[in-house]
Structure formats: C-alpha cells, structure tokens
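Reader: I would like to learn how to read the packing of helices and domains in a model. Please take me through one case.

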Amino acid sequence: MDLSFSEADQQFREEVRDFLDAHLTEDLRRAAQRTTTVFADKDVAMRWQQILVEKGWAVPQWPVEYGGTGWTITQKFIFSEECAKAGAPGLIPLGLRMLAPVLFRYGTDEQKSYYLPRMLAGEDYWCQGYSEPGAGSDLSSLRCRAVKDGDDYIVNGTKIWTTHAQFADHIFCLVRTDDTVKPQAGITFLLIDMATPGVKVEPIITMANDHEVNQVFFDDVRVPQANRVGPENEGWTAAKYLLEFERGGGSAAAGLKVAAANLRKTATEQLVDGEPLITQPGFARRLNAIDIRVASLEFTEKAGLARLAAGGSPGPESSLMKNTSVELQQAVAELMLEAANYYAMPHANKISMNAYNDPWVGPEFAETVTPRYLNSRAASVFGGSKEVQKNIVAKVVLGL
Ligand SMILES: Cc1cc2nc3c(=O)[nH]c(=O)nc-3n(C[C@H](O)[C@H](O)[C@H](O)COP(=O)(O)OP(=O)(O)OC[C@H]3O[C@@H](n4cnc5c(N)ncnc54)[C@H](O)[C@@H]3O)c2cc1C
C-alpha cells in the first residue's frame, strides 16, 4: 500500500480544489451543512451527482468502462478528503455504492448495461429491501415470498425500515423462493420497479421527527425473472457481498476528520465561565481521543481501499470500520450537544428548520446539534447492529 503524496498527487489535489471552488455552489454547501439525517436530501444529492457526472468524477470506484475514473487509491482518498473539507453533500450510496458492486460481480450483461447508466444519470433512484418485521439481525429468516408464474415471479410480503423508499422508483429485494432448505439457501435477489401495481409505501417517522424510513408492502407484485440477480436461491451470497460495501468500503474518516475539526473550533469559541470550553480537561480529553481514533480509522480505510484496488472486496473488516465510524459519529454528536449547552434545547427537525423565519436562538451551529444527535443513535442499528458487527469481528476477523 503506497500512500505517499507525490508531486502529481499534489497537483491532483489542486485540480480537485479548483473544481470544488468552481462547482460546489453555496446553496449545495449550505444544504449539506444543514443535513441532519443519514443521507442528504434527494434533490441536493442528485444535483451534486449531476455536476460530478458531467465532470466524470461521480463514481471513482466503478470500472472505467462504466464511468469510473481509474484513479489510484491515493487519488480516491484525496478526492474524498477534499470533498469533505469543502463541505460537499454525500451522494446517496444505495445504488452507486451498494447495488452497483453487486451488479458488476453478479449481474447479467443486460442488467449492467441497462441499470448502471440509468443509476449514474439519476434516472433510477434505488432503495434497499432487506429487513422485515422479524428479520433484521437474523436476516436469513426473511419471509417476503416470490413464487414463479410463467416468465415472472409473484411477490408478496413486506419490507421495513426502507430508507428513502418514499423517493425511490426501484428497490433491490431479498425474497424467499424456497422454504424447504436451510434459510440462507432459499433466498433470491430481485430488482423491482416500484411503479409495478401492488407496491405500497408507508412512512415511519423517527424520534428525531424525520421521515427517512418506510415500510414497503408487496401485494401480488409481478416481477420479470429477468430482474433476478444471480441464480435462484443463491441470493444470499450477493446479499452478503452488498453488506460489505454498506458497512465499509467508503471513506467515513474524511468526513469525521472535518466534523472533529469543526467541533474543536466550536469548543475554542464557546465560553464556559469566561474560559473556552476546550480548556476543560474532561472535554479536551474526549476530543483528543476522537482525533486519535479517527486517524486509526483512516488507516484501516486506506488498507480497505488498497484491497479493493487489488480486486478484492472490503471484507469482514468492514464490520470493524462500521462500528468505529458509528461510535465516532456519535461521540462527535454528543460533544456538539455539550458545546451547545442549553441552546440545544430548541430542537427543530430540518423540515421545521427550513420553515422557520425568526432568528435562531443562540449560536448558528446549535441549530443542527439536537436532530443530528438524535439521528446518530440509529447508526448503532442500521446496516447491521453494533452487537452483530462485533459477532462478525469476533468470528471472522479474530477467529474466536
Ligand atoms: C434508520 C434506519 C435505516 C434503515 N434502513 C434500512 C434500509 O434502507 N433497508 C433495510 O433493509 N433495512 C434498513 N434498516 C434496518 C436495519 O438493518 C435493522 O434495523 C437491523 O439490521 C437490526 O434489525 P432489527 O431492527 O430487526 O433488530 P433485531 O435484529 O431484532 O435486534 C434487536 C437487538 O438485539 C440485538 N441482537 C440481535 N441478534 C443478536 C445477536 N446474535 N447477538 C447479539 N445481539 C443481537 C441487536 O444488536 C439489537 O440491539 C434500517 C434501520 C434503521 C434504524
């Protein structure tokens, strides 16, 4: 793994900075800054995706023939770092970073040439239909059923906690196609057009007052067999492969570094009894611990990027990265809440925040701290709970 910055890399960094200066508009930056949910709003993310697509930089991780950049690991890292520093919105990973790797590995040529360009152009917006009531950590017990009928499957059942299903026009789904074998052996991976009759989406409002997740119902939904990814009853392999990308394979450290630096700046400006908050040993100690853990996460992610560049997958280490980045995100959110002190009390979610005309009570940074803190709690659960990730690390990484 060679991660030193050559002169060419420094030039590349300048090129990325120039591009961001010219194309990352103030309203996109501001919208990203006010994002308090897991993903940026659809319209914000898609506007930024479009700008990156025009530049050819939207999907550095994809093969070049499909729109990837062919960058070195170092260049990919520099790009993520500069985007985070500039405050760019994150792209929605559901299609670009989660389904796409599955299509590259398990999709047919027809599926690749149809879905990937549409995903990149923003014509299709995907959501993830894995979890069900009663099948979350124990995902292989899922019961949403697909039965063959001519050239189609007929799908019946439900999916829950489906992020952005209210915006999505497509859902990738795990369905049960055989219940006479062990649970993992009877699962199939399907791509479903949500405009098909029988698909219904109902909102779930979270404790942070956000509408981010949903329940999706399938009532005799007809899905062509051509929309199956991989062989029937072998969807579990593709499902697990996708989870590696969901949990790791990205660059959370770049964003966390910026968040920790913002926190340090805030704690230097906020006064407690006339002294900057950062001078309080208890606060400073926790912030320093965050910085150290972010640095170690960054190295783990770089090693992961090197594995990807060598043709490998993120691997079970992605569980380690997921837990670490979640703990750090939550630790930053918690200290931000402390920094805001009683100004964190007037909690508004982003919908009411955008409709709010009066001047904000207290410092500007305080307006997002409570919704962000509340939303960050869900990170212990989505993408596979913290305890389940620990089980994977214990078993597969440590061999316990
Ligand atoms: C905000 C949010 C967004 C989400 N988005 C999506 C999405 O887009 N698509 C999708 O398919 N799913 C999504 N999910 C669902 C998510 O993947 C599940 O919530 C998660 O896998 C946990 O499943 P569960 O909720 O059924 O909890 P359970 O599996 O019932 O777990 C309950 C508790 O028991 C613990 N537990 C369970 N099994 C074990 C074990 N073997 N050892 C130790 N502890 C254990 C868990 O850690 C947890 O604390 C989302 C969830 C949230 C909160």
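This is a predicted model: local features need pLDDT of at least 70, side-chain atom pairs count only at pLDDT 80 or more; totals for chains, interfaces and linings use all residues.

Reader: How many helices and strands does the protein have?

Author: The protein has 13 helices and 10 strands. Its radius of gyration is 22 Å, close to the 21 Å that the globule rule gives for 400 residues, so the protein is as compact as a globular protein of that length. Along the principal axes, the C-alpha atoms fill a box of roughly 75 × 50 × 45 Å.

Reader: Which domains does the domain assignment give?

Author: The assignment gives domain 1 (7-91), domain 2 (126-234) and domain 3 (248-397). The centres of domain 1 and domain 3, taken over C-alpha atoms, are separated by 20 Å. Contact between these two involves 11 residues of domain 1 and 15 residues of domain 3. On the side of domain 1 that touches domain 3, the residues divide into 4 nonpolar, 3 polar and 4 charged.

Reader: Now the helices. By what are two packed helices described?

Author: Two packed helices are described by the angle between their axes and the distance between the axes. Take helix α9 (residues 281-309) and helix α10 (residues 317-340): their axes come within 10 Å and cross at roughly 155°.

Reader: Are α9 and α10 roughly parallel or roughly antiparallel to each other?

Author: An angle over 145 degrees counts as roughly antiparallel, and α9 and α10 are therefore roughly antiparallel to each other. Their crossing is left-handed. On the α9 side the contact includes Phe-283, Leu-287, Ile-290, Val-294 and Leu-297; on the α10 side it includes Leu-320, Met-321, Leu-328, Val-332 and Leu-335. The residues of this contact divide into 11 nonpolar, 4 polar and 5 charged.

Reader: How do α10 and α12 cross?

Author: The axes of α10 and helix α12 (residues 369-377) come within 9 Å and cross at roughly 150°. That makes α10 roughly antiparallel to α12. The crossing of α10 and α12 is left-handed.

Reader: Which residues of α10 and α12 meet?

Author: From α10 come Gln-329, Gln-330, Ala-333, Glu-334, Met-336, Leu-337 and Ala-340, and they meet Val-369, Thr-370, Arg-372, Tyr-373 and Ser-376 in α12. By type, the residues of this contact are 6 nonpolar, 4 polar and 2 charged.

Reader: At what angle do α10 and α13 pack?

Author: α10 and helix α13 (residues 386-397) pack at an angle of about 145°, with their axes 8 Å apart. The crossing of α10 and α13 is left-handed. In α10 the contact is made by Glu-317, Ser-319, Leu-320, Lys-322, Asn-323 and Val-326. In α13 the partners are Lys-386, Gln-389, Lys-390, Ile-392, Val-393 and Val-397.

Reader: How do the residues of that contact divide?

Author: The contact of α10 with α13 has 5 nonpolar, 3 polar and 4 charged residues.

Methods. Residues are numbered from 1 along each chain as its sequence is written. Axes are lines fitted to C-alpha atoms, for helices over the stretch in contact, and angles run from 0 to 180 degrees between N-to-C directions. Helices (H or I, at least four residues) and strands (E, at least two) are DSSP runs, numbered from the N terminus. Angles under 35 degrees count as roughly parallel, over 145 as roughly antiparallel, 65 to 115 as roughly perpendicular and the rest as oblique. A crossing is left-handed if the near helix is turned anticlockwise from the far one by less than a right angle, and right-handed if clockwise. Two residues are in contact if their C-beta atoms, placed from the backbone, lie within 7 Å. Ala, Val, Leu, Ile, Met, Phe, Trp, Tyr, Cys and Pro count as nonpolar, Asp, Glu, Lys and Arg as charged, and the others, Gly among them, as polar. Domain bounds come from an automatic or database domain assignment. The radius of gyration is taken over C-alpha atoms; the globule rule is 2.2 Å times the number of residues to the power 0.38.
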